[in-house]
Amino acid sequence: VGGHPKPQNGPMKIAGVKRIIAIGSGKGGVGKSTVSSNLAVALAKQGRKVGLLDADIYGPSQPRMMGIQKRPSSPDGKTIIPLQSHGVTLMSIGFMLDPDKAVVWRGPMLMGALQQMLGQVQWGELDILLVDLPPGTGDVQLTLCQKTELSGAILVSTPQDVALLDARKALDMFGSLKTPVLGMIENMSTHICSNCGHEEHIFGHGGVAAEAEKLGVPLLGALPIDLETRLAGDAGTPIAAGTGPMAEAYGRIAEGLIK
Ligand code: ADP
């Protein structure tokens, strides 16, 4: 990663967008997209103007999670008008694709799609634009970090060792790209039995907190395994849009982010 040159014309700003924050993970399936949609909704509920860019080109989840699937319009044939859902301005490559077809693209096409979503979408005035990255440390992450003026990145991980191993690699990548890591979020940190109330640490306990401390990165929050969170995501209304302990937990992470 260290050998990749910075583009000569410098990182791109998006007019009207105050802060761009990337949300990444080492592994897939740790809840990065779930956290992205819920954080976006929580920020919007706090009165922020929020955008969410689903840059998970190979597996765009936001149309499903944010409950909207239609093709955005482009009245002038050049710029794209993003969609609105749960108070969030939303763009996803998934709006342009058949949801049941696999994306088999080579690098340059991928980069073209990403550049288009960043540069040609009329994001309008935004306090914060969250970017839901694909998992891992590939081309999309590299391009985004090098070509866009990011305020920083957030890393989502589950607490077990195999996930943390990859989270460390992602942290290392952001470090070599000089993208500040704003903090880590531990997802699926604990499970409380809905039947008996017994708490179990299915993926181990406190792994992300310990890792964050070791690396000198803030822990922005810890979220339990929660059936309602999964159901809400599948139903297209993020849990943060409602009330209850999970919505409050996301509210606290959102507050910490804006401080
Ligand atoms: P990623 O973006 O990292 O691949 P997703 O956000 O798509 O992960 O989450 C993978 C699956 O796990 C989804 O079905 C999602 O609803 C579920 N999930 C994510 N976080 C939680 C959680 N805290 N509790 C229960 N299910 C979760």
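Helix axes are lines fitted to C-alpha atoms over the stretch in contact, and the angles between them run from 0 to 180 degrees between N-to-C directions. The model described here is a predicted one.

**Helix packing**

Helix 5 (residues 161-176) packs on helix 6 (residues 207-215) at an angle of about 30°, and their axes lie 11 Å apart. That makes helix 5 roughly parallel to helix 6, because angles under 35 degrees count as roughly parallel. The crossing of helix 5 past helix 6 is right-handed.

Helix 3 (residues 107-119) and helix 4 (residues 139-147) form the other pair. Their axes come within 10 Å and cross at roughly 45°. Helix 3 and helix 4 are therefore oblique to each other. Their crossing is right-handed.

Strand 4 covers residues 88-92, and five of its five residues are buried, so it is largely enclosed by the rest of the structure. In a regular strand, side chains alternate between the two faces of the sheet. In strand 4, Val88, Leu90 and Ser92 point one way, while Thr89 and Met91 point the other way. Residues on both sides are buried.

Strand 2 (residues 50-54) pairs with strand 4 in the parallel sense, over five bridges. Here Asp54 stands opposite Ser92. Strand 3 (residues 83-85) pairs with strand 4 in the antiparallel sense, over three bridges. Ser85 has Val88 as its bridge partner in strand 4. Strand 3 and strand 4 form a hairpin, with two residues between them.

**Strand 5 and its partners**

Strand 5 (residues 128-132) is mostly covered, with five of its five residues buried. Ile128, Leu130 and Asp132 point one way from strand 5; Leu129 and Val131 point the other way. Strand 1 (residues 20-24) pairs with strand 5 in the parallel sense, over four bridges. Ile21 stands opposite Leu130. Strand 2 also pairs with strand 5 in the parallel sense, over five bridges. In that pairing, Val50 stands opposite Ile128.

| Strand pair | Sense | Bridges |
|---|---|---|
| Strand 3 and strand 4 | antiparallel | three bridges |
| Strand 1 and strand 5 | parallel | four bridges |

**Positive phi values**

Most residues other than glycine have a negative phi. Two residues here depart from that pattern. His86 has a phi near 50°, a positive value in a residue other than glycine. His86 lies in the loop between strand 3 and strand 4. His86 is buried, with 22 other C-beta atoms within 10 Å. Met188 has a positive phi of about 60°, although it is not a glycine. Met188 sits in strand 7. Met188 is buried too, with 25 other C-beta atoms within 10 Å.

**The ligand shell**

Which residues come nearest to the ligand? Of the 18 around it, they are Gly31, Lys32, Ser33, Thr34 and Arg230. By class, the shell divides into five nonpolar, 10 polar and three charged residues. Four elements each supply at least two shell residues: helix 1 (32-45), strand 7 (181-192), strand 9 (219-225) and helix 7 (227-235). One of these, strand 7, is also the place of Met188.

Note on methods. Residues numbered from 1 in each chain as written. Predicted model: local features only at pLDDT ≥ 70, side-chain atom pairs only at ≥ 80, totals over all residues. Near = placed C-beta within 6 Å. Nonpolar A, V, L, I, M, F, W, Y, C, P; charged D, E, K, R; others polar. Buried ≥ 20, exposed ≤ 12 C-beta atoms within 10 Å, placed from the backbone. Pairing = 2+ DSSP bridges. Parallel < 35°, antiparallel > 145°, perpendicular 65-115°, else oblique. Left-handed = near helix turned anticlockwise from the far one by under 90°.
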